[in-house]
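Work through the following exercises with the sequence and the model open beside you, and try each task before you read its solution.

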Amino acid sequence: MTKNLPFIRKDIERVSADLVKRASQFQAAILADVGGRRGTLGGRIKPLHPSMKVAGPAFTVEVRPGDNLMFHAALALAQPGDVIVVEGKGDTSSALCGTIMSTQAQAKGLAGFVLDAAARDSEELTEGTFPVFSVGTNPNGPTKALGGRVNWPVTLAGTTVNPGDLIVGDADGVVVVPKENVEEILGLAQKKVDAEARRIAAIKNGDLGAPWLLATLVQAGVLKDGETL
């Protein structure tokens with residue numbers, strides 16, 4: 001790789017702290033819906049505990065399966081509020097982080113870890129307040145020897161994450177919002193939250209029919225025009 005294409009990119013454009021704060025008020029599901037039902041990292045990446053939530057700009061890392069050398073490099077470089085996002089190729093043969101790295105990250109003010117890989121020390125991590133999302137756990141530790149890249153585009157569970165993109169995660173999983181679209185997505189998210197609140201209120205008041213259902217069944221050819229359920 002040439003000098004113009006470094007393995008480690010130190011300077012990235014991040015989604016703003018104000019937008020991160022606003023985004024943290026929304027469920028990942030809401031953001032995914034208004035983003036076109038895309039951008040989620042797949043069901044295999046979950047919080048170690050359902051109470052864990054994360055929101056912040058992505059600080060991306062590509063590692064070789066089972067090796068966390070570049071994860072450590074990212075941990076040294078990441079800034080307060082960042083979410084370290086690790087493309088670990090879905091490998092669960094060894095854990096890429098545990099208590100020590102999580103403690104270091106929390107002391108630096110990072111927002112969390114999102115790993116397409118395994119973690120360990122899960123009992124200790126779930127008793128703490130630092131959010132870790134992973135594809136599972138494994139007591140086996142990683143090697144620390146193989147090169148990779150920091151702050152290049154990565155792919156986790158079929159979804160591309162660019163450095164600085166918005167990451168939001170909760171009990172349902174993780175969604176990625178491109179940093180260029182965050183302002184628009186947050187506006188749409190608030191409209192959806194308001195609409196869902198109205199619908200829930202209507203259901204509690206006895207309006208149990210989904211207002212869109214009949215027309216959609218007709219359009220799908222399941223019912224004829226004018227038929228009802």
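**Exercise 1: a ring and its surroundings**

Task: decide whether Phe130 is buried or exposed.

Solution: Phe130 has 4% relative accessibility and therefore counts as buried, where buried means under 20% relative accessible area, exposed over 50% and partly exposed in between, with a 1.4 Å probe and protein chains only. Phe113, at 0% relative accessibility, counts as buried by this rule too.

Before going on, note that this is a predicted model, in which local features need pLDDT of at least 70 and side-chain atom pairs count only at pLDDT 80 or more, while totals for chains, interfaces and linings use all residues. Residues are numbered from 1 along each chain as its sequence is written, and side-chain values use heavy atoms, with hydrogens and water left out.

**Exercise 2: aromatic pairs**

Task: find how many aromatic pairs the whole structure holds, and describe the pair formed by Phe71 and Phe113.

Solution: Begin with the rule, by which rings of Phe, Tyr and Trp (its six-membered ring) pair if their centres lie within 6.5 Å, with planes under 30 degrees apart counted as stacked, over 60 as edge-to-face and the rest as tilted. A search of the whole structure finds two such pairs. In the pair of Phe71 and Phe113, the centres are 4.9 Å apart and the planes make 75 degrees, which is edge-to-face. Phe71 lies in helix H3 and Phe113 in strand S4, so this pair ties together parts that are 42 residues apart in sequence; helices (H or I, at least four residues) and strands (E, at least two) are DSSP runs, numbered from the N terminus.

Next, take Phe113 with Phe130: the ring centres are 5.0 Å apart and the planes stand at 80 degrees, so this pair is edge-to-face. Phe130 sits in the loop between helix H5 (122–127) and strand S5 (132–134), 17 residues from Phe113.

**Exercise 3: the nonpolar core**

Task: name the residues that touch the most other members of the largest nonpolar core, and find which helix gives the most to this core.

Solution: A nonpolar core is a set of buried Ala, Val, Leu, Ile, Met, Phe, Trp, Tyr and Cys residues joined through side-chain atoms within 4.5 Å. The largest one has 27 residues, of which Phe71, Ile84 and Phe113 touch the most other members. Helix H3 (69–77) and strand S4 (112–119) are among the elements that each supply at least two residues, and H3 gives the most, with five.
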